[in-house]
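This briefing is intended for a reader who has the sequence and the 3D structure at hand.

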Amino acid sequence: MSNHEYYMKEAIKLSASAMEHGNEPFGAVLVKDGEIVCTYENQIHTMTNPTLHGETGLISKFCQETGITDLSEYTLYSSCEPCFMCSGAMVWAKLGELYYAASNMDLEEILGGEGSKCSEIVFRHSHHKPKVTAGVLREESLEILREYFGK
């Protein structure tokens, strides 16, 4: 198992945990120099805040706890492609790299919609462009997304 797969497994575990806690199944892990420095699971229902997606919650928590707002030396692993809001937060935080499992197009297919390449669209039209790698452990993430949204 590669390091990228290890960190993604952690993000996917967080997505399952979010679902168990009554939230939507999304999780995120922040890594620097081979060490996990912050994790977060979606908390939109338990915290009654629709902006607490895995990625925005993680960025907010990490920045508040550390005083660091420039994430150019960090890598974020997300169980699903970040939405437009989360991708925008990554631009403003100057995230260095993003790895995600399932895509927004995968998610929208489960939901019966068309979807879009959210992160690609936001990053292409922004002043900061994190390096992106898609599809790491995609099928594992899709299992959880189907379990939650396929009902």
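Predicted model: local features only at pLDDT ≥ 70, side-chain atom pairs only at ≥ 80, totals over all residues.

Residues are numbered from 1 along each chain as its sequence is written, and side-chain values use heavy atoms, with hydrogens and water left out.

**Annotated domain**

- An unreviewed UniProt entry lists residues 2-114 as "domain: CMP/dCMP-type deaminase"; such annotations may be inferred rather than shown by experiment.
- Over residues 2-114 the chain is 42% helix and 22% strand, and the end C-alpha atoms lie 32 Å apart. Helices (H or I, at least four residues) and strands (E, at least two) are DSSP runs, numbered from the N terminus.

**Helices α4 and α6**

- Helix α4 (residues 104-111) packs on helix α6 (residues 138-149) at an angle of about 30°, with the axes 10 Å apart. Axes are lines fitted to C-alpha atoms, for helices over the stretch in contact, and angles run from 0 to 180 degrees between N-to-C directions.
- That angle makes α4 roughly parallel to α6 (angles under 35 degrees count as roughly parallel).
- The contact (heavy atoms within 4.5 Å) is made by Asp106, Leu107, Ile110 and Leu111 of α4 with Arg138, Leu142, Leu145, Arg146 and Phe149 of α6.

**Helices α1 and α6**

- The axes of α1 and α6 are 10 Å apart, at an angle of about 10°; the two helices are therefore roughly parallel to each other.
- Lys9, Ile12, Ser15, Ala16 and Met19 of α1 meet Glu140, Ser141, Ile144, Glu147 and Tyr148 of α6.

**Helices α2 and α3**

- Helix α2 (residues 54-66) and helix α3 (residues 84-92) pack with their axes 8 Å apart, at an angle of about 30°, which makes α2 roughly parallel to α3.
- Glu55, Thr56 and Ile59 of α2 touch Met85, Cys86, Ala89 and Met90 of α3.

**Aromatic pairs**

- The count comes to six aromatic pairs, where rings of Phe, Tyr and Trp (its six-membered ring) pair if their centres lie within 6.5 Å.
- One of these is a tilted pair of tyrosine 7 and tyrosine 77, 5.1 Å centre to centre with 50° between the planes; planes under 30 degrees apart count as stacked, over 60 as edge-to-face and the rest as tilted.
- This pair links distant parts of the chain, 70 residues apart: tyrosine 7 is in helix α1 (residues 3-20) and tyrosine 77 in strand β3 (residues 75-80).

Notes: Parallel < 35°, antiparallel > 145°, perpendicular 65-115°, else oblique.
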